[in-house]
Amino acid sequence: MKKFLSYIFNTRKYKKDNDLIFERRFVFGIFKTQKRLAGFKLKLAGIPIFTCKDREFRVVKLLGIPVYAKNRRFGFEKYFLEQIIKKSQEVYGENIVADDVFVIRHNIGETILYLCKLLEWAKRENSKRPLFLVWRERDIPLFRLFLGKEPRVVFVEIPQSDINCFLKQDLLLENVRIHAPTFQIAEAMKAEYTSNKNVNFADYILQSMNLEDWTARKSPIPTSKAKSEADSILRKFGIKKSYVLLCPEAVSIKSLPDEFWLKIAKSLVFAGYDVIINSYYEAKDNSKFLDYHLCCPDIDILYALASRSDRVISMASGLGVLLSICDVPVDLIYTDVKNKHIGYSAEFCRQIYSVHSMPWVTAKDVVEHVASDNYDDLAKKVLTRNI
C-alpha cells in the first residue's frame, strides 16, 4: 500500500546546474512541479504548461508562450538594501549601517581564495563596517572553515542568477558599496589568455581585490562539532584502519565513467584500504557502489574526513581545490568543462585552474591528471603514483 501511494505522490530534492530543485510528482509522475530559488515549473506528461523564471525580468509562460514580463532590478535592489540594513544592525547595533558589503559570487574553488584574503581585502578598501555576505545557506560551513565565528559574516538568501544579473559590476546602494568582482571569470580569463599565457585563477582573484601578494596560507580549521561529526561517520562505517576518500562528482566539468571509479575503489580495497565515496546523487543511487561507504556531509565535515585520510582522489572541481590544501596526498583529475559557451578543454582547464598556481600547493602534495579516453591508463597513473 505504501509503495502504491508513493506512485500517487512523492517528492525528491536534487541538484542541477548548481541549483537545488525541489520536485513533487503526482499520479505516477503525470503531473510534476519543480521549484527552485529563481523559478517554478508545472509539467504535464513532461511538457511545461506553466513556468515562472526570474532573471533580469520575471517572465511567466503558459504552454511556452510569454504572457507576463516585469523588470526586477528595482525589487532586487530594494530587497538587498533592506537585508543589508537589517544585518548591519544585528552586527553593529541600532541605526548603524555597513559601509561595504563583500559578495563572493563564485562556487567553492574561487571562493576559498577570497576567504583566505577576505579581511585583508576589507582593509584594502578602507572599510570601517564591513559585512561579508553568504548568499547560499549551504556555504555557511565553508565560510566557517576559514573565518570561524566571525560575526560580520551574514547570510542573505539570493539566487546565484540574481547575483549574475544585477551585480555584474560593483554597485552603490545609497551609501553602501557592494563589491562583487570577477563577473564571468572563466570567459574573462580565456580572453586574457590570448595576450597573457600566464593567466591563472589565483593571480586573477588576487588582482580583483587590489592586493599584490599571497601571504602565508590561511588553513581551514574544522570546528569541534565538525570533527565530532567526522568521528561519527567513521564509527558508523566501522573504519578503524587507513582509508581513501574518493570525490567523483563535479558541477562544472564532465564526469568520468562509473567503471573508472569502481576500478580505483576495487584496487584500493585490494591494497588494504577502506574507501569512502563522497556523493550527492550519482553513486548514492547506483547499486554498483554499494560495496563501498557512501556519504555526503557538509563541507567542513568532509574536510575533516579528508584531513584524516591517507589519500584523496577527486575530480578537479571546486571541492578538489579545497581538498588540495588538506595536507594529505591528493590526485586531481581534469576533464572538459561542461559549459560549451566557456569551452575549456581538460588541458586548458588544468592550465588556467591548476592548484599549483596557489603558492601553498606543492607537487609533493598534489598531482594533477588530464583525463583522456584511455581510462585504464588514467587509473594506472593514479594508482601507481609514488606517495
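Here are some questions and answers about the labels in this structure.

This is a predicted model, where local features need pLDDT of at least 70, side-chain atom pairs count only at pLDDT 80 or more, and totals for chains, interfaces and linings use all residues. Residues are numbered from 1 along each chain as its sequence is written, and side-chain values use heavy atoms, with hydrogens and water left out.

Q: Why are α6 and α7 called roughly perpendicular to each other?
A: The axes of α6 (residues 185-193) and α7 (residues 201-208) cross at roughly 105° and come within 11 Å. Roughly perpendicular covers 65 to 115 degrees (under 35 is roughly parallel, over 145 roughly antiparallel, the rest oblique). So the two helices count as roughly perpendicular.

Q: Which residues of α6 and α7 meet?
A: On the α6 side they are Ile185, Ala188, Met189 and Glu192, and they meet Phe201, Tyr204 and Ile205 of α7. Contact here is heavy atoms within 4.5 Å. Sorted by type, the contact has six nonpolar residues, no polar ones and one charged.

Q: What makes β14 a mostly covered strand?
A: In β14 (residues 274-278), five of its five residues are buried. Buried is under 20% relative accessible area, with exposed over 50% and partly exposed in between (1.4 Å probe, protein chains only). Asp274, Ile276 and Asn278 point one way, Val275 and Ile277 the other way, and all are buried. In a regular strand, side chains alternate between the two faces of the sheet.

Q: How do you know that β13 and β14 pair?
A: Pairing takes at least two bridges found by DSSP between two strands. β13 (residues 243-247) has four bridges to β14, and the two run parallel, with Val244 partnered by Val275. β14 also runs parallel to β15 (residues 293-295), joined by three bridges, and there Ile277 stands opposite Leu294.

Q: Why is the unit of β13, α9 and β14 called right-handed?
A: The word applies because, with the strands pointing away from the viewer, the path from the first strand over the helix to the second runs clockwise. The unit that β13, α9 (residues 258-270) and β14 make is a right-handed β-α-β unit.

Note on methods
Axes fitted to C-alpha atoms, helices over the stretch in contact; angles between N-to-C directions. Nonpolar A, V, L, I, M, F, W, Y, C, P; charged D, E, K, R; others polar.
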